[in-house]
Amino acid sequence: MAPPAQPQPSSQPADSKRAAAREVIDILQEISTLLDTKLDRTTLSLCVSLIENGVNPEALANVVKELRREGDALRHQRDHDLVYEEDARRGDYSD
Amino acid sequence: MAHLAKLGLLTDELITALTGITEQNDPQNFRLCRKFAARSLKHHNYGRTNQFEVAQRLDGLQEKLSILNCDELADAIEDRRNEDTLLRYNWAPEALSLILELSNKPATNSRLEDLEALKPPPSPPPLTWEDIISEDPLDEEGIWDEVDFGAESSEDEEFERRSFDRSVSGDETQPSSVAAEENEAQNLEVTLLQPDQSILDHISKAQFWNHRTRPAKEDVDLIETAIDLSKTWKLSEMQALREVLFMLSGLPTSLFSCDTSTGVIKPVEKYALGHTSYDSFQGLLAAFANLGTQVQTVRQWTSLEQSIPLLQSLNASISSRLKILQQKLLQIESRFVHLRKQVVVSLVDVYHRVQTPLLPLLMLADLLPALKETAGENPFKCLEKLFHQTSLVHLAGDDVSFPFMTSLFLDCFNTYLRPIRAWMESGELYYNEEIFFIGMAEKSVENRNLWHDQYFLRQDHRGRLHAPEFLRAQAKKILNTGKSVVFLRRLGIFGSRPAALEDEPYLDYAAVCGTDNSIPLAPFSDLFDEAFERWLDSKHHSASTVLRNVLFSRYGLFTILDALEHIYFLKDGSLYANMLTVLFEKIERRKDSWNDRFLLTEQAQGALGTLACMDPKRLFVRSTPLAGEGAETGGTHRSLKMLGTIKVEYTLPWSIANIIARHTITDSYQRVFTLLVQIRNAKYLLERRRLLKTDFIKPNHASADSNYDVNLLSLSIRHRLLWLVNTLYSYLTETVIVTSTLELRYDMNAAKDVDAMISAHEHFAVKLQEQCLLSRKLSPIYQALMSLLDLAFHFSDLHSASEVDRSVDRSVLSGSRHDQALRDKQYAGRAMKRPTARLDFDSSDDEEADDSSEYDELDPRGSKGSGARSSLPSNRVPLAARLREMRAEIDRLCGFAATGLRSVSRAGGEPAWDMLADMLDWGIRPTEEHL
């Protein structure tokens, strides 16, 4: 009979590493909130991952700003379309 | 690729998180966003994040928040910045930079309460056994019963178990479970071995120290000499032998007792052999104990902790020798353990066998206390002792101890070699004054003095080198090699250790004494010197050769020597011709600007700058102000002195300046230059004083001191002086300088290291100085020659004055008013500028006169000469007399110089001086005969 599987020795450092990463994200999120960056935890984690992969933070900040603007524009557009459709359905623009 | 894919995935997620669109719900916009993000992240103009700048920005922000009365916010940011986790996080500056970029007026928009929202909901308390038991008490029936784990075993296992049981029990019926347990216990008892009492007895009997064996009746005769028989324990020779070997191995034994305080081993008196007399046995044991005591001394020494590296090496070396001894003792013991053939068990035989391997250790036991004592005083003294002892052993022809001592010494010496190796290979010094003999100057030294002043050989208070005696002869070489390496490193060449240095011969017994088993015949000191020389050469040659080649090829030592020859020795006389002519004229006319250093420098640079070997920017000419400007001091003509104040300087690169020392330039080169220029000036003046043919038309009625006689006399003096000046110049340039510089080049080429180059150059400078008659011991001859040059200057002055007189005389006769005015003016000008024509060599009391009195004296019609020299004809009489006096003086000085040179040449001086003396004489004699 095979002996029972021993806990992997590498899992402990991996856990501590994960915990440390979580702590870092916690602190960064706090600072981010204090500076009112409006980054939620997921976005912040994604940004940090990108930075850890060598992306320049200033370039990333620009991208974030642009994407936010784009997102707002799309949302606005969508809302507008919805209102237009609603109005069209109601027949306000029938004339 | 994996990295790019990861980036792409993260970007996609970011787009979705920020815009809410995915590839599925809005593929067109998503692709646009992705393309934009990828391009923006890849191609941007932002530099690398500067962590200090980020910290500064955050500091600024906090300060701003504090000013805007948001102290709590600032403190909260500060607290989080100082969190350990964040400080340890490598990407913190980048992440903070991103946050800063995205921050949006924190002073107005941020609230501390927002942080509360970030806190995760409280996690449920961890589940404990108390909670489980309180909910579900463990009091069910049968919960603590044993579980039959085999109940669910597979059929195969069951089958195997059954078949095994069958094979053990055969066809018998299966017993009940209780009966089976009893059977197993019985089976275990059966399997336990029963001890053999006889073997146990044998073992306990062998422990002679626990069980006394009384002497048998037949032994009584043999041990009758023993002390009290009732207290005597008998043992066999084999047992005694084993004990002896144990004792020699440093193990505690029953046959010997060891005094722990003194380390002295003594035989225990109660033991005796059955077949040997008690006294003999005890005597033999005492001999063994004596050996054991000394070995134990060595063994104890090795167990001590040593702080001095040399002693640590000695310790390690002795320990390895003790291991070898141990192996030999084991070999002896093995003869009595593996009894394959009959062996005679004899303590006496063992005593003889162990003596040989023990001999060097016994000698060492005597040496160790002295070694420790000397090592405390000076670690290398320990090496000296070992060296001395090795030499003694060699002299004694002890072929057992000699290899042992040599190896021991070389092991220690190899440790001592470490700082030497480090110094010779990389120019690094271990700053341990106790061990190393090379020291470094405390204050930093200029590069130009690097070779001479930076490093030195350390000496003790008696002035002896702080190194082992046997190393002193090589100390200089070691110092030089290290200095070469330091030199090369300063030149930026010796970045890493050169490959050639890797293959150094290891100094071991074979390297020093060869592989022959017998003791070499040559003295150990010679053998060691030879081996060490080879070791040194492996390092010395490469470092020195590299430096030598670098100095020759990259820093152009010979090119600089060429340049110096051109500058100081006027190698190409034509180059200087224009500059010197202008200079001589200016001096003659007493122009104030004669010593304008900028002009002189420019002229020199212009004259010599065309040479390939020259760097004109390095060449400077300067002139020191002459003491008592305008006066003739010390009986020497002023022009001679003036020329002596001109100093030429050629700035050498620091690497070359280490070889060509500054003092050689000022002592030799500059003085030779001055002498050559002075001779050329004299020659220039003499050649300018021409006599016309008409001056030599013999008058019909010859009167005493007529013009004709004066001119004749003048011609003869000019001829003599010219001959003298040419001879001297030719001697200096062709005989001395050419040969000396050639010799210098040869020596420089042959030099093996920088020290040899320096000494070659020093030798050249000293020799040059001596051959040019500039050394102190030749001072009288030099002074005589200078006086002759002085005479040449005075003769020129006198001749010019007489020319002026005659021109004035002629102008009076011509009667032309215009010409008269012109000549008066000319005369007045020359008379004012002409230096005095003094011939009263012996009366120098009036020489301190100022310029005006000098010019008065010069003026033949001046106040001083107004009585006898009121008219021109009357002035000719003293002129002739002066010329005669001058001729006599020239003869006297030439004679003196020639005689002096001959005598110095014969007294071991230069052979060329004899030749120069002949030349000087040769110049005089025909003139004498002619007159």
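A salt bridge is taken here as a side-chain nitrogen of Lys or Arg within 4 Å of a carboxyl oxygen of Asp or Glu. In this predicted model, local features need pLDDT of at least 70 and side-chain atom pairs count only at pLDDT 80 or more, while totals for chains, interfaces and linings use all residues. Residues are numbered from 1 along each chain as its sequence is written, chains are lettered from A in the order in which they are written, and side-chain values use heavy atoms, with hydrogens and water left out.

Over all chains the structure holds 30 salt bridges. One of them joins Asp349(B) to Arg353(B), with the closest N and O atoms 3.0 Å apart. Both residues belong to helix 16 of chain B (residues 347-377), where they are 4 residues apart, about one turn of the helix. Helices are DSSP runs (H or I, at least four residues), numbered from the N terminus.

Between chain A and chain B, about 4600 Å² is buried, 76% of it on carbon and sulfur atoms; buried area is the accessible area (1.4 Å probe) that two parts lose on being put together, summed over both. Leu34(A), Leu35(A) and Leu67(A) supply 16% of the area that chain A buries against chain B, more than any other three residues. The contact (heavy atoms within 4.5 Å) takes 43 residues from chain A and 53 residues from chain B. The count between the two chains is 1 salt bridge, and the side chains of Glu30(A) and Arg80(B) meet in a salt bridge at 2.5 Å, N to O. The elements giving two or more residues to the side of chain A that touches chain B are helix 1 (11-34), helix 2 (41-52) and helix 3 (57-90) of chain A. Helix 3 of chain A provides the largest share of this side, 16 residues.
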